[in-house]
Amino acid sequence: VEDYLEGFRVRTLEGKDVRSTWLMVPGHEHVCYTPCGNKTAYMQYLYKEIELMIDAGAPGILIDEFDTQLHALNNGGCFCKDCMLGFRNWLKEHPCKESEGLDLDTFDYGEYLRGLGYKDEDLCSSQGERRVSIPLFREFSNYQIHGSECNVRDISVYAKAYAKRTKNIENYPVTANLFNCMPVGASSRKWCDLICGETSDVKLRQDGFSRFAHAFMGGKPGSYIEDPSQHIFDMVKDIRAGKDDQYILFITESLAHGFNTAIPYGAWLMNFRQDTIYPPFETEKKLGPWLVEHEDLITGNLEANVALIYDQRYAYETHVFQDGFNDEHRNGGFSNFFKHAQELCEAHVLYNVIYVDADEPLTAERLQGYHTVLMPDCCMLTAPEQEVIHGFAKKGGRVAALGRISPEFYMYRRPYTKYQELVEWLLEEKMPVRVEGRQRYLSVSLQKTETGHALHLLNYDVNNKSREIEEIPEATFELGFACETATPYSCIDRNDVSAKLEGRKLTVKHLGVYTIIRLD
């Protein structure tokens, strides 16, 4: 390779490049190309970059656009000579009916498609499900996406070995920007020492996503940055006006639900604004110590007895092959799951997401402690996983199949005309925490601590004129467990919160932005 830009860039079926538009400035001559991660020479280039970083003392490596092949596939895929050779080898290792009769020592998928009259526009994600009918395109898609996992694996192995050899560092940390917990990044998690990414489509309330992301992280440490959105732009404006309530909510909401959002110190606003996000300094001087002081109450050990199953295999199918590319980034086309995740939060039904994929299959042990299992669009569970569900039901567990239902689960269909009917059915069983009355602006989470429990309460009642969060005067809860004391802590002492415990009835008054109740 003599010219990096020429030698490394993705080449579409018609030989065109793919632009990384989010890195380009409108009206500027600068151009940013998407590279092909299947190129051996490109990987050697990355290894050299890693060596320079480790030599310079970098304490870890983060692979930003780990999914370059997914970006390529969004535009039809890469058809460079390295990809054509790699795809031949893929078909040898993953034979299918469509590859029967092909000479896999000479087969060129690009020439094959061009000979059939296909163009770039036929392969782009805008074609949605029509792409699946293109010969071998399903296998080609799987090959391209698998290449991203291989890159994360190889970079991790190389970085660790180099750091050990040159710096005598054991277990040098490597991670990747797994973006929005998309199903295409699930297999790369096992090669990451930390789980990092971005949250897009950020809104005022996103507790449903936080509970899902907590499951995606699988117990590993890490944190996510925010992608710019109108809510982020408004937050920047508020911070400069001395209004920091929504910023505090943004940082603490994820902690309440077992997730972790990075403090946006100088964070970018893409090419939408010539600006960056800085946290309110005086607020951080109080918020940081407050969080450290109550760190024993922020365990990430979420308590619930309702399980919400995330079928990663079907989410992958939806994202890649059923027009998921054209769905909003957060959902990846799997909108029914996220609809339930958010609506359950707003109905104050405590649940845990059970993330199910090839690396984390569904087992009877994973369902222990739950009395109800919800299955939105669970259409690709394996036969052993299906037996786990049937076994759970036979032992008295309640199962509800929602949305798209595979024939194996027809007996668990739960029809309802209003969502409240599903909520009422769920609340027929004992809950760890039950909210009394209607509290539309309240979010509830319960975390297990060494001495008992911690009840996390978030307040979304924003006054659009003052840009501040209005106090919730009073909220009452029925606890599903016994405790002796209830001690309230208001985030950075913003209000005069109080808590009164009478048996298993808990009354909390003067709820500010974020409140934690220690229940020992």
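**Group meeting: a walk through a predicted model**

Residues are numbered from 1 along each chain as its sequence is written, and side-chain values use heavy atoms, with hydrogens and water left out.

Where is threonine 449 found? Threonine 449 sits in the loop between β12 and β13; helices (H or I, at least four residues) and strands (E, at least two) are DSSP runs, numbered from the N terminus. Threonine 449 counts as buried, because its relative accessibility is 7%; buried means under 20% relative accessible area, exposed over 50%, and partly exposed in between, with a 1.4 Å probe and protein chains only. Its C-alpha lies 8.9 Å from that of aspartate 520, although 71 residues separate threonine 449 and aspartate 520 in sequence. The side chain of threonine 449 also reaches the backbone nitrogen of histidine 453, at 3.4 Å.

That brings us to histidine 453, which lies in strand β13, residues 453-459. With a relative accessible area of 10%, histidine 453 is buried. Its side chain makes a polar contact with the side chain of glutamate 303 at 2.7 Å. A polar contact is a pair of N or O atoms within 3.5 Å; within protein, one must be able to donate a hydrogen and the other to accept it, and residues adjacent in sequence count only if both atoms are side-chain atoms. Apart from neighbours within four places in sequence, the contacts of histidine 453 include Phe481, Ile517 and Arg518.

I turn now to the sheets. Strands of a sheet pair through backbone hydrogen bonds, either parallel or antiparallel. Here, two strands pair if DSSP finds at least two bridges between them. Strand β13 belongs to an open sheet of 4 strands, ordered β12-β13-β20-β17, with antiparallel pairing. At its edges stand β12 (442-448) and β17 (486-490); each has a single partner strand, so one side of each is left without a neighbour in the sheet. From one strand to the next, the twist averages 20 degrees; axes are lines fitted to C-alpha atoms, for helices over the stretch in contact, and angles run from 0 to 180 degrees between N-to-C directions. Antiparallel strands β12 and β13 are joined by 7 bridges, and lysine 448 stands opposite histidine 453.

Further antiparallel pairing involves strand β16 (residues 472-479), which 4 bridges join to strand β11 (residues 433-436). Strand β16 also pairs with strand β19 (residues 505-511), over 6 bridges. Which residues are the bridge partners of threonine 476? On one side the partner is glutamate 436, and in β19 the partner is threonine 507.

By contrast, the open sheet of 4 strands in the order β8-β7-β9-β10 has parallel pairing. Its edges are β8 (352-356) and β10 (398-402), each with a single partner strand, so one side of each has no neighbour in the sheet. Within this sheet, strand β7 (residues 306-311) and strand β9 (residues 372-376) pair over 3 bridges, with valine 306 and threonine 372 as bridge partners. Helix α12 (residues 312-321) lies across β7 and β8, at about 45 degrees to β7.

Next, the interior. A nonpolar core is a set of buried Ala, Val, Leu, Ile, Met, Phe, Trp, Tyr and Cys residues joined through side-chain atoms within 4.5 Å. The largest has 55 residues, of which Phe212, Phe337 and Leu426 touch the most other members. Beyond its neighbours within four places in sequence, leucine 426 is in contact with residues including Val306 and Thr372. A second, separate core of 33 residues includes Cys80, Met182, Tyr316 and Val320.

Finally, the aromatic rings. Rings of Phe, Tyr and Trp (its six-membered ring) pair if their centres lie within 6.5 Å; planes under 30 degrees apart count as stacked, over 60 as edge-to-face and the rest as tilted. The count comes to 38 aromatic pairs. Tyrosine 4 and tyrosine 45 form an edge-to-face pair, because their ring centres are 4.9 Å apart and their planes stand at 65 degrees. This pair links helix α1 (residues 4-8) with helix α2 (residues 40-55), across 41 residues. Elsewhere, ring pairs join a cluster that includes Phe212, Tyr310, Phe337 and Tyr355.

Note on methods. This is a predicted model: local features need pLDDT of at least 70, side-chain atom pairs count only at pLDDT 80 or more; totals for chains, interfaces and linings use all residues. Contact means heavy atoms within 4.5 Å.
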